[in-house]
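I opened this entry to record what I looked up, going from the chain as a whole to single residues.

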Amino acid sequence: MNDAPNKLPFNRPSFKLVVVSTQDGFIARYSGHPPHDWASTEEQTVFFREVDAADWGIMGRGTHEAVDRPERRRIIFSTQVDGAVWRRPTQLWINPEQATLRDFTAHAAERHKFEKGLILGGTGVHDWFLAQNAIDEILLTIEPIRFGEGLPIFSTQDPAGPEKALAKLGFTLKEEQTLNAGGTRLLRFVLGD
């Protein structure tokens, strides 16, 4: 007789982190600094293509409040809520300290299918998914600018730049392309080989 608890299998959605950074690896100068203030038109085209293709976008409260879009399906991480709360029919607010990946994906799937999740930031949300080992792919746009300081992609990031930082975390570069004459680069990483 099997003594293991009877658990239903968990069909985890795929999660893609879509992020734009500076050459020195920063995603913003400060919390609430939106990428559309400094990112190229080409990066924004890539970003919105990915948003449209995803079932759910996942972000922190600051990212959500910087660009509130009531019509978009969003999961908003916030320690200011207790558990999981639907604030709009399309927006689930969840406390990441009180929920597991399985919990919130199942909760969101009650409203709309959840096969493709898009991780949209900020640093704390990136860190949470990294700790869960739940980032399957990273689509990184690197703009040819430097902030010198600001919010990194991951809080443990070293100053070696975003490409080396992702390699140290176990992500492998699979594709690279130049998006414009200014030197904006789009890189696709996957976890492992």
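I began with the surface: the protein chain has an accessible surface of about 10,100 Å², and 48% of that belongs to carbon and sulfur atoms (Shrake-Rupley method, 1.4 Å probe). The model is predicted, with local features needing pLDDT of at least 70 and side-chain atom pairs pLDDT 80 or more, while totals for chains, interfaces and linings use all residues. Residues are numbered from 1 along each chain as its sequence is written, and side-chain values use heavy atoms, without hydrogens and water.

For secondary structure I noted 5 helices and 11 strands (DSSP runs, H or I of at least four residues for helices, E of at least two for strands, numbered from the N terminus).

I went on to helix α4, residues 123-131. Its buried residues are Thr-123, Val-125, His-126, Trp-128 and Phe-129. Just after α4, I found Asn-133 with a positive phi of about 55 degrees.

My last stop was Asp-193, in the segment after β11 (185-191). Is Asp-193 buried or exposed? Asp-193 counts as exposed because its relative accessibility is 83%. Leaving aside neighbours within four places in sequence, Asp-193 is in contact with Thr-172 and Lys-174 (heavy atoms within 4.5 Å). Between Asp-193 and Thr-172 I noted 5.9 Å, C-alpha to C-alpha, at 21 residues apart in sequence.

Notes
Buried means under 20% relative accessible area, exposed over 50%, partly exposed in between (1.4 Å probe, protein chains only).
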